[in-house]
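I opened my notebook to look up a few things in this structure.

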Amino acid sequence: MKSKWKKMLIASMACVALTSVSATSFAAYSLSTEVKTPTQALLQATEIGVRTYNTDNPELQKAPNKDAILIMSFGTTFPETRAKTIEATVKQIQAAHPDTKVVLAFTSHIIIDRVKANEGITIPTPEQALEQLKAEGYNRVALTSLDIIPGIEYKYKTAVFDVYKTQFKKMTIGTPLMYWMGQENQRDDVETTMKALGSQLPQLGKDDAVLIMAHGTPDPANAYYAVMQDRLNDLYNGKVLIYTVEGHPNLENVIAQLKADNVKNVTMMPFMMVAGDHATNDMAGDEEDSHKSILIKEGFNVKTYLHGLGENENIRQLFVDRADEAWNTLEAE
């Protein structure tokens, strides 16, 4: 991992050298040396991996470093799963950086309002958190995401990065749980995550299968689910299928596959950071339109596993690793 990180950092530095017209750099990709005067549009198009902004403001440049980590999550209104997943991950990141201010923000404004109304807890949006950090004198901030794939939610976070980066001396933003897929000598986040999932899978006989329920997205990043299924097939012999609540494939698609494979017994589990509303109600609820009820009507024996990914220690460590990448990039001179 250390050698891989050094390669990424070298690539990032190469980009800085090639693109002196911009204060933004990025890891893992380097423009050809034949590109002498890259345009801003070209630079923006090639920003991938861990993104970095270094200010060219003289006043900010001479200010002493004051660092913070901002952790961004969609959030949940379910306190128990929030404590076991999101808050457990925040604590682990804080433990890895004991002398650094660590702040949690939610991107769902609806969830923020409901948590405030029901629990009396005020959780900031990413924008509010950055405004507060700036007011407190923090001038270098590493942003990290608890997203699963780089879909719409992650784009919100990168948009926050773009809006606020010029207000700080340095800012970085890390990648979600799954970003790289082994291309261009990069690591395969999808395979690593699918392997980490194995620690929570039951023993599977010839009549058994596991359905993992993801969220889905209208963003083209929905294609990640096809890559995930490819890795699942390689690792678990086609016994683990992924479907989405709001994307493709859906439950109807995987039911057809279960029947084709003569599966009789199904274990369902959420492939989400938390076991919140989608897991508790859409997947495992007792209503006739829940996924569990639909499968029972289709003749399957169904068990449910109501634990968010944040409860899986192996996957939680991967989120910590993503935060560390953003932090290491922030610290690199």
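How much space lies in the second largest pocket? I read about 370 Å³ for the second largest pocket. The model is predicted, and I keep that in mind.

I looked up the lining next. The second largest pocket is lined by 18 residues. Closest to its centre are Glu-47, Pro-150, Tyr-154, Lys-155 and Tyr-179. I sorted the lining of this pocket into 10 nonpolar, four polar and four charged residues. Both α2 (40-45) and α8 supply at least two of the lining residues. With three residues, α8 gives the most.

**The largest pocket**

I then turned to the largest pocket, with about 920 Å³ of space. Its lining has 32 residues, and Phe-74, Glu-153, His-215, Met-272 and His-278 are the closest to the centre. Here I noted 16 nonpolar, 11 polar and five charged residues. Three helices, α6 (109-119), α8 (152-164) and α12 (277-283), each supply at least two residues of this lining. The largest share, three residues, comes from α6. I marked α8 as a contributor to the largest pocket and to the second largest pocket.

**Asn-312**

Last, I picked one residue. Where does Asn-312 lie? I found Asn-312 in the loop between β10 (301-304) and α14 (313-331). Is Asn-312 buried or exposed? Its relative accessible area is 5%, so I wrote down buried, which takes under 20%. I also listed its contacts, leaving aside neighbours within four places in sequence. Asn-312 is in contact with Ala-196, Leu-197, Ser-199 and Gln-200.

Key:
Residues are numbered from 1 along each chain as its sequence is written. This is a predicted model: local features need pLDDT of at least 70, side-chain atom pairs count only at pLDDT 80 or more; totals for chains, interfaces and linings use all residues. Side-chain values use heavy atoms; hydrogens and water are left out. Helices (H or I, at least four residues) and strands (E, at least two) are DSSP runs, numbered from the N terminus. Buried means under 20% relative accessible area, exposed over 50%, partly exposed in between (1.4 Å probe, protein chains only). Contact means heavy atoms within 4.5 Å. On a 1 Å grid over the protein atoms alone, a cavity is a set of points where a 1.4 Å probe fits but cannot get out, and a pocket is an open set with protein on both sides within 12 Å along at least five of seven lines; lining residues have an atom within 4 Å of a point. Grid points are joined across faces, edges and corners, and a volume is the space filled by probe spheres set on the points. Ala, Val, Leu, Ile, Met, Phe, Trp, Tyr, Cys and Pro count as nonpolar, Asp, Glu, Lys and Arg as charged, and the others, Gly among them, as polar.
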